[in-house]
Amino acid sequence: MKRFRDLLENIDYVSYVDAGNFPINYVNNNSKKIGADDIFVAVKGSLTDGHKYIDSAIDAGSKIIVHQDEVVKREGISYIRVRDSRKALAQVSNYLTDTPSSKINMVAVTGSNGKSTTSRLIAYLSSKLVGKSGSIGTNNALLDGEAIPTANTTPDICEINLILEKALDKGIKNMAIEASSHGLSQKRLYGVDIDYGIFTNLSEEHLDYHKTMDKYFEAKMILFDQAKTTLANIDDPYGKRAKDLYPDTITFGIYSEEADFRAENLVKDDKEISFTLKGVDFTLNTIADYEVYNTLAAASVLSLMGYPMEDIRDAVESFPGIKSRFEYIENDLGINIILDFAHTPRAFESVFKAVPNHIQKIAVFGINGDRNSEFRRLIGRTCADNDVLAVLTTDDPKFDRVEHINSEIIAGIEEGKGQYVVRKDRDKAMEYAFSHADKGAYVFLLGKGEENFIKFNGNEKTPYSERETIREVLERL
């Protein structure tokens, strides 16, 4: 069993207090998850400061405390002071688990849109080409079909390493993980051995956190600093910037002739898209152009791993898709109801442009309370510019008011001379959209997807199911 003094050789520290060479079980930065002989790392977060919970961690059984700020020390407890507690958390976790990522072929996907579908597709293709595979991302981790709930899109390093240990136990050799900008900037992937890093695209999002697009891009590029091989969407302006900064980056795209992996002869027909990649014909069961980019990213990385493009194509064509990603909902109303997790201006534009201009389009959505006014204005302007009737409703107001959020969306709609209505309750918003849609129209239900909650009163989760609500509204109609 590893002990306190072993740990000192594997962590960057400023000073320490050795109250005994205590045995170490595991490590956590959540005092509620501390058990006997666990190390507690006090992390200063954006909403709370872990230093406030040191006493709670000790009372729960921790005898070793890692801290960044000066603290009042208790008798019989060992302390390690560090300059960066997030980095220390990763160092401790990687040391205690012997860095399981180094024993797995790791692919990490970052970008504003496409992370979930691309990472899940990579895992699916791996399962078809190799056998057992896994992924970590939005809502859960999937290990050879077993779902494990996760707290964030990119969980903290302690959670990641436990999942990877379980993956090794299952004999999994290929893993794909979503690398969010928050996760990267907060060092949740620090020290993870990443073989391939993929950049999909960048659009205005999370500027409440990153402040500027340049800072947001820099957070994404932490992945490129870390990955052994990097891939980028060359059609995206930030993908071009990534290629300029990291010249060895492999590129994929549709329009750029410079792309190393390019979709050529692209044809959209009814509910299918076909194209040629490296001389191999692909057909996707979707009319959403952005799915071509997701497929290019996944196919490119699998090709770099050494798998034949024909085998990749065969596996792609059996892919059932990801729930809430341009997902058609069956109904008897004669309309196309599309469930999609889109929640950024770029994602909204992508789903709207998938549908021909002459077809009526209605979108039911709200915007989270932690988005800035410019983000909300852009969402509204995107609806107006694409001739979409916006039915504004509620989506995770958190610390904001739904009325205030919607007023900022409306500013963008009115700027573009678009149309909108407001229905605060999501079921009433759906009912309005379904009953005002012409035959053959597309009604987009955006933003919630597979989330099973709405966040009112800060981050307090109230149970909610978009699918169940859709079902109830359709039954009423």
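Visitor: How do the residues lining the second largest pocket divide into nonpolar, polar and charged?

Guide: They come out as 8 nonpolar, 12 polar and 8 charged. Here Ala, Val, Leu, Ile, Met, Phe, Trp, Tyr, Cys and Pro count as nonpolar, Asp, Glu, Lys and Arg as charged, and the others, Gly among them, as polar. This is a predicted model, where local features need pLDDT of at least 70 and side-chain atom pairs 80 or more, while totals for chains, interfaces and linings use all residues. Residues are numbered from 1 along each chain as its sequence is written, and side-chain values use heavy atoms, leaving out hydrogens and water.

Visitor: What makes a space a pocket or a cavity?

Guide: On a 1 Å grid over the protein atoms alone, a cavity is a set of points where a 1.4 Å probe fits but cannot get out, whereas a pocket is an open set with protein on both sides within 12 Å along at least five of seven lines. Lining residues have an atom within 4 Å of a point.

Visitor: Which elements supply the lining of the second largest pocket?

Guide: α4 (115-129), β7 (133-136) and β8 (140-143) each supply at least two residues, with the largest share, 5 residues, from α4. Helices (H or I, at least four residues) and strands (E, at least two) are DSSP runs, numbered from the N terminus.

Visitor: How many cavities of 30 Å³ or more are there?

Guide: The whole-structure search finds 1. Its lining includes I122, S133 and M305, and has 6 nonpolar, 5 polar and no charged residues.

Technical notes:
Points joined across faces, edges and corners; volume = space filled by probe spheres on them.
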